[in-house]
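Trainee: I have just opened this entry and would like to be guided through it. May we begin with the aromatic residues?

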Amino acid sequence: MEIGLFTFGDIGPNPVTGQVVGAPERLRNIVEEITLADQVGVDVYGLGEHHRDDYAVSSIAVALAAAATQTKRIRFTSTVSVLSSDDPVRVFQQFATLDGLSDGRAEIIAGRGAFSESFPLFGYDMYDYDDLFIEKLHMLLEINKAEHANWPGSAHTQPLDGLGVYPRPVQLQLPIWLGVGGTPQSAMRAGTMGLPMAMALILGGEWKRVAPMFQLYHQAGHEAGHRALRLMTSLTAHGFVHNSMKSALDIYYPAHSAKMGKLGRERGMPMQSREMFEKFSGPNGGYFAGGPSQLAEKILAAHEVLRFDRILLQFGVGVIDHRSMLEAIEILGANVIPEIRRGLAKAAG
């Protein structure tokens, strides 16, 4: 099992100190965090694409490229690339460039995105939400297969009559995962297409509630004739770690609450209390936050049920002090990952 981190690059006022963190500072901090994550044994680091004033990352590949030449083994992914409002040719070229800079460590998680800002920004209609994604996903997959792509074009994509798309990645093909937000249709689509599935668990509740999605994915993949080794899965969730459960929640809650409160007001959702946050951070809850042992035990318990190949934790929901982020990454590498590795080895006999 791979253990990774991701962030959207939250910016704005720190809810504890009041200090305002701008995009340049957050982007530089992200590079430092990725570099440290590589050093302490984190397997994957992802960035999510957004086009809002409270997130620093709109160009994922550019930001990850800044860390690519400063690291040795950590893999890079998008969490997610909003393919619906982008050009598949440019997405492929950007991540193939990242793949070259990192010597074969780039991946793409393609998704629809949870926000709508990119659609009017790039001249797309939200009414075409589903068609845009499906057409562009198939085009991206064709470009990934062959240097000279043959794509007939569609209502929302241009034809490619044997045109070369460059540069090509170091890997034979870029790994392309499908981001799934919890609908059965999306999980089944990923399985039918034989694409790895990245299942998002971001709204609290219990982590066990996504078990049927994992089952649907594998069932659809097997029925479509795909080999089990190809049907890889990932769980993405809000998370944080510190020296103890109390210190982890004391650091994580103010930033998390401020961010989720802001998003909640935009979407007509109620505020989340500290009591509810702590409940969601418990053994069965959807937030993977706590001390080293609690986090390791929770990841192992979730893995035993869901059997995912990778878990990605969103450290930094909201604006968290950079030093606390570095401390959390250190603790993850020094205490949590080794405990998980021991637990997996024990379970394997």
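This is a predicted model: local features need pLDDT of at least 70, side-chain atom pairs count only at pLDDT 80 or more; totals for chains, interfaces and linings use all residues.

Trainee: How many aromatic pairs does the structure hold?

Mentor: The structure holds 10 aromatic pairs. In one of them, the ring centres of Phe277 and Tyr287 are 5.5 Å apart and the planes are at 40°, so this pair is tilted.

Trainee: Which parts of the chain does that pair link?

Mentor: The pair links distant parts of the chain, 10 residues apart. Phe277 belongs to helix H9 (residues 274-280), while Tyr287 is in the loop between H9 and strand S13 (288-290).

Trainee: Is Phe277 buried or exposed? And what about Tyr287, buried or exposed?

Mentor: Phe277 has 0% relative accessibility and therefore counts as buried. Tyr287 has a relative accessible area of 2%, so Tyr287 is buried as well.

Trainee: Which residue lies over the face of Tyr55?

Mentor: That is Lys259, at 4.2 Å from the ring centre. Likewise, Arg267 lies over the face of Phe115, at 4.7 Å from the ring centre.

Trainee: How far is the C-alpha atom of Arg168 from that of Gly100?

Mentor: The two C-alpha atoms are separated by 8.4 Å, although Gly100 and Arg168 are 68 residues apart along the chain. Gly100 is in helix H3 (residues 88-101).

Trainee: Now the backbone. Where is the cis peptide bond with omega of about 0°?

Mentor: That bond joins Tyr166 and Pro167. Pro167 lies in the loop between strand S9 (160-164) and S10. Another cis peptide bond joins Thr79 and Val80, with omega of about 5°. Val80 is in the loop between strand S5 (75-78) and strand S6 (81-82).

Trainee: What is phi of Asp103?

Mentor: Asp103 has a positive phi of about 60° although it is not a glycine. Asp103 lies in the loop between H3 and strand S7 (108-111), and its 61% relative accessibility is why it counts as exposed. Arg307, also not a glycine, has a positive phi near 55°. Arg307 is in the loop between H10 and strand S14 (310-314).

Trainee: One last item, helix H7. Which of its residues are buried?

Mentor: In H7, the buried residues are Ala211, Met213, Phe214, Tyr217, Ala220 and Gly221. What covers them includes helix H6 (184-193), strand S11 (197-201), strand S12 (233-241) and helix H10 (292-306). Just after H7, Gly225 takes a positive phi of about 90°.

Note on methods
Residues are numbered from 1 along each chain as its sequence is written. Side-chain values use heavy atoms; hydrogens and water are left out. Buried means under 20% relative accessible area, exposed over 50%, partly exposed in between (1.4 Å probe, protein chains only). Helices (H or I, at least four residues) and strands (E, at least two) are DSSP runs, numbered from the N terminus. Contact means heavy atoms within 4.5 Å. Rings of Phe, Tyr and Trp (its six-membered ring) pair if their centres lie within 6.5 Å; planes under 30 degrees apart count as stacked, over 60 as edge-to-face and the rest as tilted. A charge sits over a ring if NZ of Lys or CZ of Arg is within 6 Å of the ring centre and within 35 degrees of the ring normal.
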